[in-house]
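User: I would like to go through the terms used for this model one at a time, and to see what each of them rests on.

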Amino acid sequence: MTNIDEKLADSKLLILYILQKIGNPISYKELLELVISISDMNYFDFQQFLQDLLEDKFILKYNQNNSEIIELTNDGKNALELTIDMLPGILRLKVDSNFKENFNKIKDEFSVYAEYTPITETSFSVKCKIIENNMTTFNLEANAGSREQAKRIVNNWNKNAENIYPQILNILTQTEN
């Protein structure tokens, strides 16, 4: 194998190894952030390696809740099991030592979601979500009367969702006296 071939194989094995460590389907964005945070792989290489793994049927990609989901297939697990010794120990150590911290940080970033889109010049649709394990557990859509109000809602949700969400649930589940 040439150095280029070894690097290609290492990078694909690295993606498979990370997917195995996750143990569950993961969104494309989360996987990209995780791989880039652990390795020196760039976006374009990541795209190519992911496409190669898809073509080899080592991973599966599908849409769920408006998000691309990546999942390790049984063929991918078998290929990793047969070739894990080819993955340099330093790469495995780097993944193992940085995985939990980086994975939790990335999961937190992607579990709270908010965006706004214009309806008219003076009306905006605001969507706020909480996503856990690739499933939407909370989804709120509201209209805002100005771009500034829409931005404030999005920013407030992104910063304070863990406080706002329980308050909304509490209000919705209150019974009248």
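**Terms and the values behind them**

User: Why is K57 called exposed?

Analyst: K57 has a relative accessible area of 56%, and exposed means over 50%, buried under 20% and partly exposed in between, with a 1.4 Å probe and protein chains only; K57 therefore counts as exposed. This is a predicted model, in which local features need pLDDT of at least 70, side-chain atom pairs count only at pLDDT 80 or more, and totals for chains, interfaces and linings use all residues. Residues are numbered from 1 along each chain as its sequence is written, and side-chain values use heavy atoms, with hydrogens and water left out.

User: Where is K57 found, and what is its phi?

Analyst: K57 is found in the loop between α3 and β2 (59-64), where helices (H or I, at least four residues) and strands (E, at least two) are DSSP runs numbered from the N terminus. The phi of K57 is near 65°, a positive value in a residue other than glycine. Most residues other than glycine have a negative phi.

User: What makes D10 buried or exposed?

Analyst: The relative accessible area of D10 is 19%, which falls under the cut-off for buried, so D10 is buried. D10 lies in helix α1 (residues 3-22), and, leaving aside neighbours within four places in sequence, D10 is in contact (heavy atoms within 4.5 Å) with M86, L87, P88 and L91.

User: Why are α2 and α3 called oblique to each other?

Analyst: The axes of helix α2 (residues 28-38) and α3 come within 11 Å and cross at roughly 120°; axes are lines fitted to C-alpha atoms, for helices over the stretch in contact, and angles run from 0 to 180 degrees between N-to-C directions. Angles under 35 degrees count as roughly parallel, over 145 as roughly antiparallel, 65 to 115 as roughly perpendicular and the rest as oblique, so α2 and α3 are oblique to each other. The contact is made by Y28, L31, L32, V35 and I36 of α2 and by Y43, F46, Q47 and L50 of α3.

User: How many residues of each class does this contact of α2 with α3 have?

Analyst: It has 8 nonpolar, 1 polar and no charged residues, where Ala, Val, Leu, Ile, Met, Phe, Trp, Tyr, Cys and Pro count as nonpolar, Asp, Glu, Lys and Arg as charged, and the others, Gly among them, as polar.

User: Which elements have the lowest and the highest mean pLDDT?

Analyst: Helix α5 (residues 89-111) has the lowest, 69, and helix α3 (residues 43-55) the highest, 92, pLDDT being the predictor's confidence in each residue, from 0 to 100.
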